[in-house]
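Trainee: I would like to learn how to read a model such as this one with care. Could we go through it together?

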Amino acid sequence: MENTPLLQAVGINKQFSGVPVLKDVELSINKGEVHALMGENGAGKSTLIKIITGVYTKDSGEIFIEGKPVEINSRQDARNCGISVIYQELSLIPALTVVDNIFLGQEIRRRGFLDKKEMRRRVKELIEKYEFDINPDAVVQSYGMAKRQLVEILKALSMEAKLIIMDEPTSALSAAESEKLFETISGLRDKGTSILYISHRLEEVYRLSDRLTVMRDGENVGVLTKEEITPAKVMRMMIGREVKQIKDTSGKKIFKDNVLEVKNLAYKNILKDVSFKAYGGEILGIGGLVGSGRTELIRCIYGAEKQSKGTITLNGKPVKKSIAKNIRNGFSLVPEDRRSEGFFPVLSIEKNIAIASYDKLAKFGVVSRKKEIELAKKAIKDYDIRPPIKSMPVGNLSGGNQQKVILGRWLTRDLKVLLLDEPTAGIDVGVKGELYQFLEELSKKGTIIIMVSSDLGELTHVADRILVMHDGRFFEEFTHETVTQTAVLLAASGVHTEEGKAL
Amino acid sequence: MSKKVTKFFGSPWGQRVSLLIIVILIMIIFQPKFFSLDNVSSILLAIAIYGIMVCGMLFVVILGGIDLSIASAAALGGSILSVFVKGSGYTVEGFITGFAVSIAVAILVGLVHGVMCTVFGLPSFVVTLATQYVLLGAVLVVTNGAYIYHSDFGIFYMLGNARPLGIPLPIIIFLIYTAISAFVLGCTTYGRSLYCIGGNPVASGLVGIRTTINTIIAYIFCSVSAFFGGMILVSMNMMAGAATASNAIGSVLTAIIVGGINLAGGEGGIPGAIFGALLVGIINNALILLGVPSDYQKFVQGVIIIGAIALNVYTKRRSENIKTPRKPSKKTLDSAQSANL
């Protein structure tokens, strides 16, 4: 029983517009095991999951459930095979009760009416079997993230799921809640349910998983059993050959007269005690996992959040808590989610660029049309925004060009500080290179550039100095010479480079 | 050349103009009286009052809100002015006090709307649906639930009926009001900020726009426009009461929708809205001249709204299809990128 494979995927291939994303991938999950799936962003994990759950169709390959070949072409097919997914964004309807949510779309009926009694009875039975602390009649919105997740798990179990896929389940949970979730997962395993566990957090993976599959660039790198798993080994497998990026730093000048100083910064429970100095002419990379406080740090510097403790000064002067004033003093932010926080989709390229510069383009509140057009034309030309039509709504551009518009908005100003949060997420490689070029040029002019990124290649390639955050603090600092991708990953998980070597 | 013409008639403005031409052609054929100076002037007069309210409403719509209270607001504006001028025996002082009190109340109403929608984060739809009744209640209190009839020909009468250079004063006020609104929306940083707030409120905050204050100002402008329009209307009709401007909300929103303004915010301008008001005014007038019973006029108004929305959506889709090649989805980009890592 213990070692019969529940799910076997063999030779899975998938291409998107001619680009191979999965190359002969294999995955084998035993009955009653917690199987972890690891890999860097873009390694193909999500695509593989989507194929197993019927969101995408594979180009070739076969999937077996308990030894029998199956075709999974829809979510319904996956459900019929006993596969359920618990997504990062939970799919519950807050205003409905636990029972209603669990049976949503698969209600039990009797003579055309809902059989509420029977549904409630079944949910109660499951709750008792798995000893969940859930009230079947509670309205879901009264529950926090952790309990909602339990309801999702119940939902999966109610569909008689044999395999439950969890995608970064602890990303929204506190430490105590995560602990509870691990207990739940162990409980499920002991009762014979298999779990496919996807996480960036190494420590969770070591603790929980019986086996671990590592993916890189759309390929399997290997499968490790519990005894074989060590952090250093997993990291090496995830990253592959250590590529030392060479960056020409000769002739790079540090501008000592432009300095941003952050002292003992704390924000809510997220930032605990952050101090650093950044100088003009240097690109400071900030690494760390999502939720380690990176985004909050740069939002505090920008004035979008108010820190609870600590000081931020630019050239000795305390930074204001007004975004408008900070912008006038040379601050700028390229936010993490450009669609919801960065650009104005229905407005033209021209307006999107000019919007931060009306202090220069307008007199007594009246905009100079001529200057506005000149600015837009210059930005479109300098940053090669395509198509070069200044009246085009930015919502119609490609991701890379949208980001260029946001950058153009700032780079046409005299910047003292440029803050970037995941600047190249979802941007194609060609545009990425151009963006790095812009940053390099700006840096040479003496601007302080602080860039948060999850992309290790980007951090090690672009940044002159890297600070890695872990749990609201700076955990380790690297220079361009000492950094390796493995070291950054380890630090992000709270393991020092020296300890990592010992493992 | 012919290509240009086709392109023009495929564009939103081209369609608006062609619609107008069609209506005017029909009128020339069936009702030559349509072009008499009297009739043109009466069309413009009808548009003038709603046109002023359209300007105010447009500010709110552009930033992604709506003000459903304008009809009650107009009635209240007219009633307050009426009570003061009548109570004072139609003195100039009475008129000025009434006017000032009315505008002060308007500012207060707009302030409440703005604060509710920004500080408390309530949907403008709900807030103004409620204040619509509050304001109507206030009208009944102010007027004791009865109509106030006027019989004076002094300054109060002049507001709605004077004809400097032969042009009715409301039309002149309307034109000035429109010009100022168009200038503020099109040429000032404040105007730019409204489009941004409507287009993306979060991003607006992050580029340093004072979203709260700017939103409140727009709601105040909308209320003031409604109160102001109501005062002119009361002077024109020489009577005030709860039914003053009772169909304003319908007319104003129709004008805005027909003018091709996106109710979701971030798009549109005064020319479109005024064009919408013009078209609706002309069609209403045409229906009267053609002897269509008033019951059917409402019917036609409804059909026009639906037709206008359908046309807008259709042109927008078509122009988007032409302009932009299908972009690859984010997913494809992500995966393409990962493959190149």
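Trainee: In chain B, in which helix is confidence lowest, and in which is it highest?

Mentor: The quantity to consult is pLDDT, the predictor's confidence in each residue, from 0 to 100. In chain B the lowest mean, 38, belongs to helix α15 (residues 330–340), whereas helix α5 (residues 92–118) of chain B has the highest, at 97; helices here are DSSP runs of H or I with at least four residues, strands are runs of E with at least two, and both are numbered from the N terminus. This is a predicted model, in which local features need pLDDT of at least 70 and side-chain atom pairs count only at pLDDT 80 or more, while totals for chains, interfaces and linings use all residues. Residues are numbered from 1 along each chain as its sequence is written, and chains are lettered from A and ligands numbered from 1 in the order in which they are written.

Trainee: Over which residues of chain B does pLDDT stay under 50?

Mentor: Where pLDDT is low, the predicted coordinates should not be read in detail. In chain B that stretch is residues 322–341, for which the model has 37 contacts beyond four places in sequence, a contact being two C-beta atoms, placed from the backbone, within 7 Å.

Trainee: In what order do the strands of the open sheet in chain A lie?

Mentor: Strands of a sheet pair through backbone hydrogen bonds, either parallel or antiparallel, and two strands are taken to pair if DSSP finds at least two bridges between them. In chain A, 4 strands are ordered β2-β1-β4-β5 with antiparallel pairing, and the edge strands, each pairing on one side only, are β2 (19–30) and β5 (68–70). Strand β1 (residues 5–16) of chain A is joined to β4 (residues 60–65) of chain A by 5 bridges; along this pair, A:Q8 has A:F64 as its bridge partner, and A:N13 stands opposite A:S60.
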